[in-house]
Amino acid sequence: MAISKVVMPKLSEAMESGKIIKWLKREGDRVQGGDILAEVETDKADVEMEAFGAGVLRKILVPAGEKAPVGTLIAVIAEPADDISALLASAPTAVAAEAGAAGSASARNDTRSAPPAAPVPAAAPAAAPPRPTVVSPPAPTTPAVSVAVPAATGRVKASPLAKKIAAQSGVDLRLLQGSGPGGRIIRRDVEAASQRGPGPMPAVGVPAVEGPEYEDRPLTQIRAAIARQMPLSKAPVPHFYVTSEVAMDRAWALREELHALEGQPKISVNDLVVRACALTLLRHPGVNASFQGASIRVYHRAHIGIAVALEDGLITPVLRDCQAKSLAQIAVEARDLAERARTRKLRVSEISGATFSISNLGMFDVAEFSAIINPPEGAILAVGSVRRVPVVEDAGLGVGRRMMLTLSCDHRVMDGAMGARFLQDLKRLLEEPLRLLV
């Protein structure tokens, strides 16, 4: 039986390393090809890692909770009689040191067949995970300021005449130091203050903010991937943008009619846009394309990435073959992808391979925005909210539902006219929504 090397898989275009969430098999367990060995956290989702060989899980090289670069040997599957010492010797140093003692059982995790070990000093505690760097505000260095304001007793000692003059001249008695008996404010104090004019504003008592001034939080896998990937798009990819306003009155009415049908899934505005984009991309393959250095790859199927906002970043699960799916299919599958994206339960095939993407911020009442292309895709569509706005019609001024669409284009892949023609046909489809049903 051949020895199977289990390496950290590359599960997305931008993935450079993965973190073992947990091993679902233990050293010494027999596995078959296709068995789920472990759960891996990538830059986009938590995915299940399958075994590609059969045998016994002889050695786990990267324990749960640790990260490893893509391609790193993380486990070995072999039969008990196979000699894996040479393979383990080529593994990281910490593991190679155990190679000689590594038989069919693990010296690290599996002690079921190992002899009793001699007492050893207690191991040093494992390195704690990175914690947010907390920075406390510097100690206040500003010297105390003496303000000529009486103690905050709520009562100002002033003669009735002084109060009357102060009210007439707009003098704030709380800012005056009285020259009368016992510091009492009298007439001449008010008159002198009135002649001096308004003084500096008194210090306002702002309550102190307790706690650290700020904290540095370690990047999550998703946020780190976005930080790496987006500069690779915005800087070297020459973006240009085309924007169009779409009359959504008929699409909105169609959506409400579909909602009234019993037993049918709810159709969202985004579902209508996805369906319309898929049909339009078939007519404009130059937009359904990506830059490949020496060539432009044109796709003949519409795999559309749908941006989903998570608490720690953004992910774009891919809805495949949208050109061949009905509105109802798109609605059901899009919701399923979005829900599993939020619970980080997407499969590898669902987070890569998009030929075009859609980012919709309409639910946040965003009227219009421009999205950044996700390389190597050639374009992305930004969708705003459907708004009721005044519109000029043949009969005069009326009220209509309008939505702004902005297409971000890679100028290496297409020109402005190509993007504009795509957007023009997309707008026509949404304004004649019955075409989305055929």
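Here is a walk through this structure, from the overall build down to a few individual side chains. Keep in mind as you look around that this is a predicted model.

Let's start with the big picture. The protein has nine helices and 21 strands. It runs to 438 residues, and 41% of them count as buried. If you take the contacts with a separation of 6 or more, 64% come from residues 24 or more positions apart.

Now hop to strand S4, residues 36-41, where you'll find Glu 39. What is the nearest side chain of opposite charge to Glu 39? It's Lys 22, 4.4 Å away. A salt bridge needs a nitrogen and a carboxyl oxygen within 4 Å, and Glu 39 has no salt bridge even though it is buried. Setting aside neighbours within four places in sequence, it is in contact with Lys 19, Ile 20, Ile 21, Lys 22, Leu 24, Val 47 and Glu 48.

Elsewhere, salt bridges do form, and the structure holds 13 of them. One joins the side chains of Glu 16 and Arg 228, at 3.6 Å from N to O. This pair links distant parts of the chain, 212 residues apart: Glu 16 is in the loop between strand S1 (4-7) and strand S2 (17-23), while Arg 228 is in helix H5 (residues 221-234). Arg 228 counts as partly exposed, because its relative accessibility is 31%.

Another salt bridge brings together Asp 321 and Arg 301, at 2.7 Å from N to O. Here the partners are 20 residues apart, with Asp 321 in the loop between strand S17 (318-319) and helix H8 (327-342), and Arg 301 in the loop between S13 and S14. Arg 301 is partly exposed, with a relative accessible area of 45%.

Is His 303 buried or exposed? At 11% relative accessibility, it counts as buried. Leaving out residues up to four places away in sequence, His 303 touches Val 318, Leu 319, Arg 320, Asp 321, Gly 353, Ala 354, Thr 355 and Phe 356.

The structure holds one aromatic pair. Phe 356 and Phe 422 form it, with 5.7 Å from centre to centre and 55° between the planes, which makes the pair tilted. Phe 356 lies in strand S18 (residues 356-360) and Phe 422 in helix H9 (residues 416-431), so the pair ties together parts that are 66 residues apart in sequence. Phe 356 is buried, at 0% relative accessibility, and Phe 422 is buried with a relative accessible area of 0% as well.

Asp 425 pairs with Arg 428, their closest N and O atoms being 2.8 Å apart. Why are the two about one helical turn apart? It's because they are three residues apart in helix H9. Asp 425 counts as buried, at 13% relative accessibility, whereas Arg 428 is partly exposed, at 38%. Salt bridges can share partners too, and that is how Asp 336, Arg 340 and Glu 350 are joined into one network.

Two last stops. Arg 255 lies over the face of Trp 252, at 4.8 Å from the ring centre. And for a residue on the outside, look at Gly 170, which counts as exposed at 66% relative accessibility. Gly 170 is in the loop between helix H3 (160-169) and helix H4 (187-196). Its C-alpha atom is separated by 9.7 Å from that of Val 190, 20 residues apart along the chain.

Definitions and conventions. Residues are numbered from 1 along each chain as its sequence is written. This is a predicted model: local features need pLDDT of at least 70, side-chain atom pairs count only at pLDDT 80 or more; totals for chains, interfaces and linings use all residues. Side-chain values use heavy atoms; hydrogens and water are left out. Helices (H or I, at least four residues) and strands (E, at least two) are DSSP runs, numbered from the N terminus. Buried means under 20% relative accessible area, exposed over 50%, partly exposed in between (1.4 Å probe, protein chains only). Lys and Arg count as positive and Asp and Glu as negative; His and the chain ends are not counted. Contact means heavy atoms within 4.5 Å. Rings of Phe, Tyr and Trp (its six-membered ring) pair if their centres lie within 6.5 Å; planes under 30 degrees apart count as stacked, over 60 as edge-to-face and the rest as tilted. A charge sits over a ring if NZ of Lys or CZ of Arg is within 6 Å of the ring centre and within 35 degrees of the ring normal.
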